[in-house]
Amino acid sequence: ASVALGCMEHRGACGADYDSGDGAGIMTAIPWELFADFVKGEDQKKSGVGMMFLPQDDNKRETAKKTVEAVATKNGKFQVVGWRTVPVKPEVLGSQASANRPHVTPLDVAKVTR
């Protein structure tokens, strides 16, 4: 899969500035060690992670997070366990990617047990 990912330029995966990509990636198992502050052990079997691509603007991002939380908990089957902060290095981004980058943050949810 990693070899295939490296061959994505043929379909336009590189931006016009030649430094920005389209963010193509590889789907893997959930790296639970990154969520150790929220989920441990057997709780992993009742949890899930959603990758959220939110606005950079703080106010818009908080509004979006509240909306996502409301939808996630609406039917009473899930509870929001936490939002993880993802380390980023914006200085390595191309100009187009930098101008358009979302605030990426995983949301961890757990099944409500009754």
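## Helices and strands

The protein chain has three helices and three strands; helices are DSSP runs of H or I with at least four residues, strands are runs of E with at least two, and both are numbered from the N terminus. Read from the N terminus on, the elements follow the order α-β-α-β-α-β.

This is a predicted model, in which local features need pLDDT of at least 70 and side-chain atom pairs count only at pLDDT 80 or more, while totals for chains, interfaces and linings use all residues. Residues are numbered from 1 along each chain as its sequence is written, and side-chain values use heavy atoms, with hydrogens and water left out.

## The chain as a whole

How much of the protein chain is buried? Of its 114 residues, 24% count as buried. Here buried means under 20% relative accessible area, exposed means over 50%, and partly exposed is in between, with a 1.4 Å probe and protein chains only.

Contacts tell us about the chain too. A contact means heavy atoms within 4.5 Å. Among contacts in the protein chain with a separation of 6 or more, 67% come from residues 24 or more positions apart.

## The largest nonpolar core

Which residues make up the largest nonpolar core? There are seven of them: Met52, Leu54, Ala64, Ala72, Trp83, Leu107 and Val109. Strand β1 (47-54), helix α2 (58-73) and strand β3 each supply at least two residues of this core. A nonpolar core is a set of buried Ala, Val, Leu, Ile, Met, Phe, Trp, Tyr and Cys residues joined through side-chain atoms within 4.5 Å.

Leaving aside neighbours within four places in sequence, Leu54 is in contact with Arg61, Ala64, Lys65, Trp83, Pro102, His103 and Thr105. Val109 belongs to strand β3 and is buried, with a relative accessible area of 14%. Not counting residues up to four places away in sequence, Val109 touches Lys46, Ser47, Gly48, Ala72, Phe78, Gln79, Val80 and Val81. Val109 and Phe78 are 31 residues apart in sequence, yet 6.2 Å apart in space, C-alpha to C-alpha.

## Thr105 in strand β3

Thr105 lies in strand β3 (residues 103-111). Is Thr105 buried or exposed? Thr105 counts as buried because its relative accessible area is 5%. A polar atom of the Thr105 side chain lies 2.6 Å from the backbone oxygen of Arg84. This is a polar contact, meaning a pair of N or O atoms within 3.5 Å; within protein, one must be able to donate a hydrogen and the other to accept it, and residues adjacent in sequence count only if both atoms are side-chain atoms.

The contacts of Thr105, leaving aside neighbours within four places in sequence, are Gly50, Met51, Met52, Leu54, Trp83, Arg84 and Val86.

## Three salt bridges

How many salt bridges does the structure hold? It holds three, each a side-chain nitrogen of Lys or Arg within 4 Å of a carboxyl oxygen of Asp or Glu. Side chains of opposite charge can pair when their charged atoms come close. Glu42 bridges to Lys45, with the closest N and O atoms 3.0 Å apart, and both Glu42 and Lys45 are exposed. Asp43 and Lys46 meet through their side chains at 3.6 Å, N to O. Asp43 is partly exposed at 40% relative accessibility, and Lys46 is partly exposed at 35%.

The salt bridge between Arg61 and Asp58 has an N to O distance of 2.5 Å. Arg61 and Asp58 are separated by about one helical turn because they are three residues apart in helix α2. Arg61 is buried at 12% relative accessibility, whereas Asp58 is exposed at 51%. The side chain of Arg61 also reaches the backbone oxygen of Pro55, at 3.1 Å. Leaving aside neighbours within four places in sequence, Arg61 is in contact with Leu54, Pro55, Gln56 and His103.

## Around the ring of Phe35

The structure holds one aromatic pair. Trp32 and Phe35 form this pair edge-to-face, 6.2 Å centre to centre with 70° between the planes. Rings of Phe, Tyr and Trp (its six-membered ring) pair if their centres lie within 6.5 Å; planes under 30 degrees apart count as stacked, over 60 as edge-to-face and the rest as tilted. Both Trp32 and Phe35 are buried.
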